[in-house]
Amino acid sequence: MEKVLLLDYDNKPLNFCTWKKALLLILKGKAEYLDTIRKIELITINDTIIIPRVIKMAYKTAVSNKELPFCRENIYVRDNYTCQYCGKKFPESELTLDHVFPKSRLGPDIWENIVTCCKKCNQHKADKTPKEAKMKLYRRPYRPKDYLRFELQKYPINITSLWEEYFEDNQKAS
Ligand SMILES: [Zn+2]
């Protein structure tokens, strides 16, 4: 699925959307292609549609700070698909989630208590605390702050490199 970076009226990154949503916003006159557009062409049976990489809202929007969903995928991304006990990187199929303070002892389902863990380490830790299991946490789990920067990590580098400048410009400006 091709993603499009949506900028606010004042060129600040606002969100990511699907290319279909981006085209719809443009058709409805709610957004416009940027001058410095980077595009790929999608060949359909009858036509060629220009898909933007970056679009800009045609008017000022009221932005609310988006909260990052607390879910398995986002925890894996935060931990870079790396087991937080042995420090090795694994494919998703070999990973699971671990409650640092065990769930069986009412350890909560929160960003600060859940880490990415390989199945072997998870089995070894079982329902002990890291200290009881004599295991060391690679990095203390945290709640990611910047929603858009976090989302950026999910895309391949050849795509994010096309977007980076908008994030950099934004940082310089603020
Ligand atoms: Zn491990």
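**Questions on a predicted model**

User: Which residues does Asn-113 touch, not counting residues up to four places away in sequence?
Analyst: In this predicted model, Asn-113 is found in the loop between strand S7 (95-99) and S8. Once residues up to four places away in sequence are set aside, the residues touched by Asn-113 are His-99, Val-100, Phe-101, Gly-107, Pro-108 and Pro-141.

User: What distance separates the C-alpha atoms of Asn-113 and His-99?
Analyst: His-99 is one of the residues that Asn-113 touches, although the two stand 14 residues apart along the chain. The separation of their C-alpha atoms is 5.6 Å.

User: Is Asn-113 buried, partly exposed or exposed?
Analyst: A residue needs 20 or more other C-beta atoms within 10 Å to be buried, and 12 or fewer to be exposed. Because Asn-113 has 15 C-beta neighbours inside 10 Å, its class is partly exposed.

User: In which strand is confidence lowest, and in which is it highest?
Analyst: The mean pLDDT of the protein chain is 86, and 86% of its residues reach 70 or more. Where pLDDT is low, the predicted coordinates should not be read in detail. The lowest confidence, a mean of 62, belongs to strand S4 (residues 39-43), and the highest, at 98, to strand S8 (residues 114-118).

User: What pattern does the protein chain follow along the sequence?
Analyst: The secondary structure comes to five helices and eight strands. Read along the sequence, these elements give the pattern β-β-α-β-β-β-β-α-β-β-α-α-α.

User: What is the order of the strands in the open sheet of four strands?
Analyst: Strand S1 (residues 3-7) pairs with S6 in the parallel sense over three bridges, whereas strand S3 (residues 31-33) pairs with S6 in the antiparallel sense, likewise over three bridges. The pairing in this open sheet of four strands is mixed, and the order is S2-S1-S6-S3. Strand S2 (13-18) and S3 are the edge strands, each pairing on one side only.

User: Which residues on the two faces of strand S6 (residues 54-57) are buried?
Analyst: Both faces of this strand are covered. One side carries Val-54 and Lys-56 and the other carries Ile-55 and Met-57, so that, by the cut-off of 20 or more other C-beta atoms within 10 Å, the buried residues are Val-54, Lys-56, Ile-55 and Met-57.

User: With which residues is Ala-22 in contact, leaving aside its neighbours within four places in sequence?
Analyst: Ala-22 belongs to the largest nonpolar core and lies within the range of helix H1 (residues 19-27), which packs on the sheet and touches S1, S2, S3 and S6. Leaving aside neighbours within four places in sequence, the contacts of Ala-22 are Val-4, Cys-17, Pro-52 and Ile-55.

User: What phi does Asn-11 have, and what phi does Ala-126 have?
Analyst: Asn-11 is placed in the loop between S1 and S2, and Ala-126 is placed in the loop between helix H3 (119-125) and helix H4 (147-152). Asn-11 is partly exposed, with 15 other C-beta atoms within 10 Å, whereas Ala-126 is exposed, with 11. Neither is a glycine, yet phi is positive in each, at about 70° for Asn-11 and about 50° for Ala-126.

Conventions: Residues numbered from 1 in each chain as written. Predicted model: local features only at pLDDT ≥ 70, side-chain atom pairs only at ≥ 80, totals over all residues. pLDDT = per-residue confidence, 0-100. Pairing = 2+ DSSP bridges. Contact = placed C-beta atoms within 7 Å. Axes fitted to C-alpha atoms, helices over the stretch in contact; angles between N-to-C directions. Core = buried A, V, L, I, M, F, W, Y, C linked by C-beta atoms within 7 Å.
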